[in-house]
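Here are a few notes to read alongside the structure. Have it open as you go through the points.

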Amino acid sequence: MGGMGAMVEMDVGSLRLYLQNIEEYVMDEDKIVTYKWLSKNLDIHVNTAKQLLYTFATEQKDDVHLTYLVGGVLCDGTGCKIQIVRQEDLEKAKAEFKALTSEHVYSVQKARTLPDLGALYAVDVHMRDENEDDKRLSAITCSHSVLRQQEEIERLRQKARAATSAVDGKQWPTGPSVNKRAKALNNKEVATGDASKVESGSKKELKNSVIPAMFAAQTCKNMKDEKPKAAETLTAKPKASNGSSVFFSKQTEKPVKPKVSVSKDSASGLSSKDSEGNKEEVKRASKSHQEKQEDSQSKIKLSKNVKCNITKQTEKKGGKGKSINMDTNELLPAKKRKRILVISDSEDSSGDDILDRDDAEASDSSPLPEVSPQLHESNTDDVIPPTPEAELKKGRKRVRKMKDKTFMEEDGYMLTCKEYVIESCTDSEEEQTNENEKKQPEENCEPVKSDTPKSPKAVSKEPPAKKKSLRQKTKQATLTNFFKKIS
Amino acid sequence: MMLQNAESTSSAGKLLSAPTNLEETETVYSRVNCSYKSLSERFGLQSKDFSRQFAHIYAVRLTKMRELLTRRVRNRWGPDVRIRKLFELQEEGSRKCVILGTIFKHQELKPSILKEISEEHQLKPQPPRTLFFDDSDQLILEDELQRIQLIGNLDVHLVVTGVVCAVLGHEDGDGKFLVDDYCWAGVSEPVQRPLQSTDDRFIVLLSGLDLANSGDTLLPLQLFVDWIGGFLGDMGEQQHQAHAVRVLIAGNSVKGCAEHKTPSLPNTYKANTGDSVILDATKLLDDFLVQLASSIDVDIMPGEFDPSNHMMPQQPLHYCMFPQASMYQTLHGVPNPYECEIGERRILGTSGQPIDDIARYCKLTDPIDILQHTLEWAHLAPTCPDTLSCYPYYQEDPFIISECPDIYFAGNQPEFQSKLYEGPEGQRVRLICIPAFSKAHSCVVVNLNNLDCYPVCFSTSDSMDPGPDK
């Protein structure tokens, strides 16, 4: 267009240089050189690149082939069209246009015929990944296409998490859906909306519980701070800094509530390892809820180390590890069961009051701690009545035996008689047997008779727990027995 | 209609030259700014409570449309015509009066779960149907309390369930209502909006990218992105492009059609299972969007097959799906249906689901015709919630068109169609059916000043028909 000021010409040197470059690309490397690729490579304006291609092509004449871009208003009034055409089709294509708005070189290549013009797409694709600056080489700039600030992005992400967690909180996570979420936690690094929603889902579960919420608040903050940081630090930091809170949260964890347990494990860390442990915990928690409440109760009071070891084991092992851990849980606190239950009763009921959940499981769990101590109390109640006599020590197995009794007669002669004596299996009551002995010469049959009807009852009424403790004592007793018999 | 003026055509071919006069060829144009206001708040779902019945939507619809209709009825049939509720018809006897209500179309062939279950016993295999109208269809008008069957001048095949209308006629002895004339709510009064600037500004509408099945769509799409971004074309074209203010992608960007359920040999190497295809398509879309967003404002709407919720109104595609493109402030996720105001022009549209649904249940076949009908019925999606699933609204019906739009579009239609609808009170609405890009490789350019629109096709000479038909 006329009326411009002084023409800014490209100096000959750089022109030569560019043309040489193009020659290299096309002739030596046998590339397809599109204007866009050229402009990115040489860092020049796209229009200049188009002109350079044209200049190159006219110099080389028949050695290279071109594709053109034509665009304009169509003759038949159906609108506009932008089209890539081969140079041999150029004239035919131009004939379709009523008014041409664009015509320039699109690409230059050595090949005589490009079988598929779709290959032109592939030329520019890989360049896209490298930098985002290609827009500055274009002919249009947009003033408001700016990048969002990092804080804004963070704010959006947190809002998304909160929004989706608000939704998820309403739905009670059933078994499979919780697992799905836990599985999705594994794919946290995948940049899909699901990841943020899943995390926020687990976060909401965090927020729902109150006792762990105190610790959750701390962990949440840490999580929010850590989100922008690298994933590696995520694994390290929660474990390190939240160590104490992790312990506390694990202690107050109620595996009867799979939701809470999910949240606990999410509190412990967002790494993929932990999320696997999360999945295991969830499965374990749901399983324990269904089957063994006593075990779950005992699990609560396990030492911190044991608990952490178990989670670590679940992380490392797979499902097998999980089942093994379940067994170890059962074995270890077998002894402590009674004591634990008594304590946990108060703790659980108080915990439930504080939590004040509107979920069914709160009501489900509260009867549970009451049931088991009641069971034990009833056990003791059952045992206590049948053992009224102080002489009959609790839980001893009474056996009627024939024994030789040696005693002194009035005349000073020693007599040995065979008598039926009720004595306990354990021999620690020698006093009792001595008492029996003293009574027996006078009333040999009666105490025996009176004792016999009662003792079978006592024997039969004994609950298994008593037998166990009996067995324990008998075990111990046999040891001492051994020594006493000798003496 | 032609937007190219002398300036743009004169520079054609200028770049077929040596690189002299760089000042001229290397000019960089800055994109025109334009005011924007989103009016789609009513389509966002605030609370998601699915425990309600759908009857509430119909009740709200009737109440709101009654006000609009009453005015129209007075205009059309005189101020002294009697408007009656259905329970008052007894008193009327055979006198002419007007009744208002929602139309219910009783269709034998409409898919019904009860019929499906009962048919199981008869074991009659039915071929899968796509069109559900039949000559035996009947129209029934329902208001708040009663319903009555309509016969007469209202053609049963040109309406669908859910439209609120007013009919003039009288009750015949049979308990049916004989219709003499009918009236829709129609477009509301035009609001005179003076245009701020006289510059040419235009928006670009696009739909149906269908990147999951992106065989030969990629090069045309790249051409489109380059064209918008100012890479492609001569200087005039680029200058012209600087006047494009917004790109609106109306649905089905990730996926454009349902999966094929063809029986095939079990493929143990599952390369093309649904999830991976969607993920790849989303990544591709992100790549294109980041190029687009770096130079122009982009609004992206979800479509029928996009990863968004199924019920209308569809919520915006989450920005996490586009990690690169969402870094730009120019990328906006918007709901389907979508309403906004760009440069004082009100733009309203959907991704095409309501139009497709209406086409299934009545004999209207031309999409632009259906679009016009929905505008006259003053409702974006009258078949919601009957055959098109939608959220159970309680006290609102966001699909009612209460204000007259300037541009009204529907995406994912088989071909480009456009019409300038002239309303009875001087309203001018540009109706646009946007073709699916995966088939037509074309977008629609709409001039905001004079509401002209034309399609722009992107192709290669390979895809040209070799036949001498031009």
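**Notes on the two chains**

1. Let's start with chain B: of its contacts with a separation of 6 or more, 74% are between residues 24 or more positions apart. Keep in mind that this is a predicted model. Chain B has 470 residues, and 55% of them are buried. Its secondary structure runs to 11 helices and 19 strands.

2. Chain A, for its part, has 22 helices and seven strands. It is 487 residues long, with 45% counted as buried. Take the contacts in chain A between residues at least 6 apart in sequence, and 65% of them join residues at least 24 apart.

3. Now for a sheet in chain B. Six strands form an open sheet in the order 2-13-14-15-17-16, and the pairing is mixed. Which strands stand at the edges? They are strand 2 (36–38) and strand 16 (417–422) of chain B; each has a single partner strand, so one side of each has no neighbour in the sheet. Going from one strand to the next, the twist averages 20°.

4. Have a look at the strand 2 end of that sheet. Strand 2 of chain B pairs with strand 13 (residues 338–342) of chain B over three bridges, in the antiparallel sense. If you want a residue pair to find there, B:Lys37 is opposite B:Glu341 of strand 13 of chain B.

5. What lies across strand 15 (407–413), strand 16 and strand 17 (428–435) of chain B? That is helix 10 (residues 367–377) of chain B, which runs at about 140° to strand 17 of chain B.

6. As for handedness, helix 2 of chain A passes helix 3 of chain A in a right-handed crossing.

7. Which residues meet where these two helices of chain A touch? Helix 2 of chain A brings A:Tyr35, A:Leu38 and A:Ser39. From helix 3 of chain A come A:Val46, A:Ala49, A:Lys50, A:Leu52 and A:Leu53. Sorted by class, this contact of helix 2 with helix 3 of chain A has six nonpolar residues, one polar and one charged.

Notes:
Residues are numbered from 1 along each chain as its sequence is written. Chains are lettered from A and ligands numbered from 1 in the order in which they are written. This is a predicted model: local features need pLDDT of at least 70, side-chain atom pairs count only at pLDDT 80 or more; totals for chains, interfaces and linings use all residues. Side-chain values use heavy atoms; hydrogens and water are left out. A crossing is left-handed if the near helix is turned anticlockwise from the far one by less than a right angle, and right-handed if clockwise. Helices (H or I, at least four residues) and strands (E, at least two) are DSSP runs, numbered from the N terminus. Contact means heavy atoms within 4.5 Å. Ala, Val, Leu, Ile, Met, Phe, Trp, Tyr, Cys and Pro count as nonpolar, Asp, Glu, Lys and Arg as charged, and the others, Gly among them, as polar. Two strands pair if DSSP finds at least two bridges between them. Axes are lines fitted to C-alpha atoms, for helices over the stretch in contact, and angles run from 0 to 180 degrees between N-to-C directions. Buried means under 20% relative accessible area, exposed over 50%, partly exposed in between (1.4 Å probe, protein chains only).
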